[in-house]
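Trainee: I have just opened this entry. Could you show me how to read its features?
Mentor: Gladly; let us look together.

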Amino acid sequence: MTPLNHSTSSIISVPNSIISYGNEPNDELMVISCYSNFDKLAHGPRGTEASHCLYVYRFHPSDGSMVLLNIAGDSKEVINPAFSRFHPRLNVLYTCTEDIEENGKIFAYEIGVDGELHKLGSVDAGGTSTCYLTIDRDQKNLLAVNYWDSTIVTIPLSTETGEFVGEITSKYDPKQGKGVVAAGKKNGGVNHSNNDETTIKQRQADPHSHALVLDPYVGCMAYVPCLGKDLVREFFYDKNEGKILNELNFLPSGLCTGHPDGPRYLEFLPKYNTMYVVNELSSTIAVFSVDRDLIKKIQKAYNNGESLEQFKGQSTLKLVQSINTIPIAFPKKLNTCGRLCLHKSGRFVLVSNRGHQSIAIMRIKEHGKNKGHLTTVGYYHTRGETPRHFKFDHSGQYLLVANQDTDNLAVFHFNQSSGEIKFTGNEYRVPSPNFVCCCKLHEDDEMTKISFSSADSAISEPLSEDGSVVTSNSKKKLEDDLAKAMAEVERIRANLASLGND
């Protein structure tokens, strides 16, 4: 199938009853977000500002092609949406806006089978340049990270509908109310897209939280990469209250070579008790071993009413490897890393290089004493510039890359044996694409509405790429074996769907 180059002017509104989209049972939806106002960003895109910021495609896993279904998100209301999260159990999409001048907004949409986006509500993000969203283990709270002022907030969710049920319930501010030192680029500040010495100095004048990932074992430890201070922070998250309570520890995100690292994203591989951190400024991946026993010990102590001060300075992480994401001869000052992702097989780690214009692919060692360590498979050009984000389809056979500064999406076939990628020939025109969200719609049956107890359910340590949960828990116990069986089936379905999300 030959892909179409879509532009807003070519879209015609036609009643759904006379349109055939050719959808198949295994089709899924891809929601692409776009930048709409470059002046409000810390960095400097070079593509086209979007008049509408959300593009919805139907993806065909038979050949890796897509059909455009919807263009939504008026740029006057939805400014610079730059991160999205699909609910692990409900057909609800959350997206947040990136703005260094005013507080970000988080929007919730119900997404329909034909790409409809029905707004469920919006809330204030409590900080500027909102960049990351995580749903907690019980699916009761959304945790949002604000890059520019480094704040982290918690917003309650309905477990029934996924809607916001209130405003911010807790907020963490590492600056303790102090303002941001550095100025925005239009007020004399630097362009955060660059990686020279002057830029780095200003970027690291302030803390900049860039993500928050909950541990996949208990869901009580929140790991936050701080790009501004070259640290991975370890917080205790009170699951019952939905609050960040204590910063128990922090540690460097790399080898401390004297060159700034700038940690951006992180992901867990639970089967090897391993965590991977991509360092944006040093173009490296740091590999950490994870002490899952200590995590469980911390949660047990809290449950018993003990003080968590006893765990201050005890890290649940240990650096075991650092590996480059670009060829050794390529100047690091000409590159910054974008996304980090684990393939759903648990055998490969991928990182995007903005400057080298590539996807770096690493194989995960599965045998011997160095399980979880990485070796380089290769570097693959993305057929565009500044690959800010990329995403696997649900099957893990295709990789969609958003090339921010050349206004295009490119689709690659992923060889699940060798880890190599090959361009499919499918390419799509989208203005300043910055994020790809895979939405494998959940079936509308009673199974998705069951809630069950974390203590008595059959769920145990669900595998989740981003540390957010793949099942729904409540304080009530399971009442019968049928509910247990149905919940277990849903857990497996949601678990598969969540792998590769971000």
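**Strands, a core and a buried glutamate**

Mentor: Let us start with a strand pair: β22 and strand β23 (residues 374-381) run antiparallel, joined by seven bridges. Keep in mind that this is a predicted model.

Trainee: Which residue in β23 is the bridge partner of isoleucine 359?
Mentor: Tyrosine 380 is the partner of isoleucine 359. β22 also pairs with strand β21 (residues 348-354), in the antiparallel sense over six bridges. There, valine 351 stands opposite alanine 360 of β22. Three residues lie between β21 and β22 in their hairpin, and glycine 355 in the turn has a positive phi of about 135 degrees.

Trainee: Is strand β22 (residues 358-364) largely enclosed or open?
Mentor: Six of its seven residues are buried, so β22 is largely enclosed by the rest of the structure.

Trainee: Which residues have the most contacts inside the largest nonpolar core?
Mentor: They are Ile106, Met275 and Tyr276, in a core of 96 residues. Away from its sequence neighbours, methionine 275 contacts residues including Tyr223, Phe268, Phe288 and Leu317. A second, separate core has 19 residues, among them Tyr57 and Tyr428.

Trainee: Is glutamate 280 buried or exposed?
Mentor: Buried means under 20% relative accessible area. Glutamate 280 has 2% relative accessibility, so it counts as buried. This glutamate 280 sits in the loop between β17 (274-279) and β18 (284-290).

Trainee: With which side chains does the side chain of glutamate 280 make polar contacts?
Mentor: One is that of arginine 203, at 2.9 Å. Another polar contact, of 2.9 Å, joins glutamate 280 to the side chain of arginine 264. Glutamate 280 also touches other residues, including His210, Asp261 and Asn335.

Note on methods
Residues are numbered from 1 along each chain as its sequence is written. This is a predicted model: local features need pLDDT of at least 70, side-chain atom pairs count only at pLDDT 80 or more; totals for chains, interfaces and linings use all residues. Side-chain values use heavy atoms; hydrogens and water are left out. A nonpolar core is a set of buried Ala, Val, Leu, Ile, Met, Phe, Trp, Tyr and Cys residues joined through side-chain atoms within 4.5 Å. Buried means under 20% relative accessible area, exposed over 50%, partly exposed in between (1.4 Å probe, protein chains only). Contact means heavy atoms within 4.5 Å. Helices (H or I, at least four residues) and strands (E, at least two) are DSSP runs, numbered from the N terminus. A polar contact is a pair of N or O atoms within 3.5 Å; within protein, one must be able to donate a hydrogen and the other to accept it, and residues adjacent in sequence count only if both atoms are side-chain atoms. Two strands pair if DSSP finds at least two bridges between them. Lists of a residue's contacts leave out its neighbours within four places in sequence.
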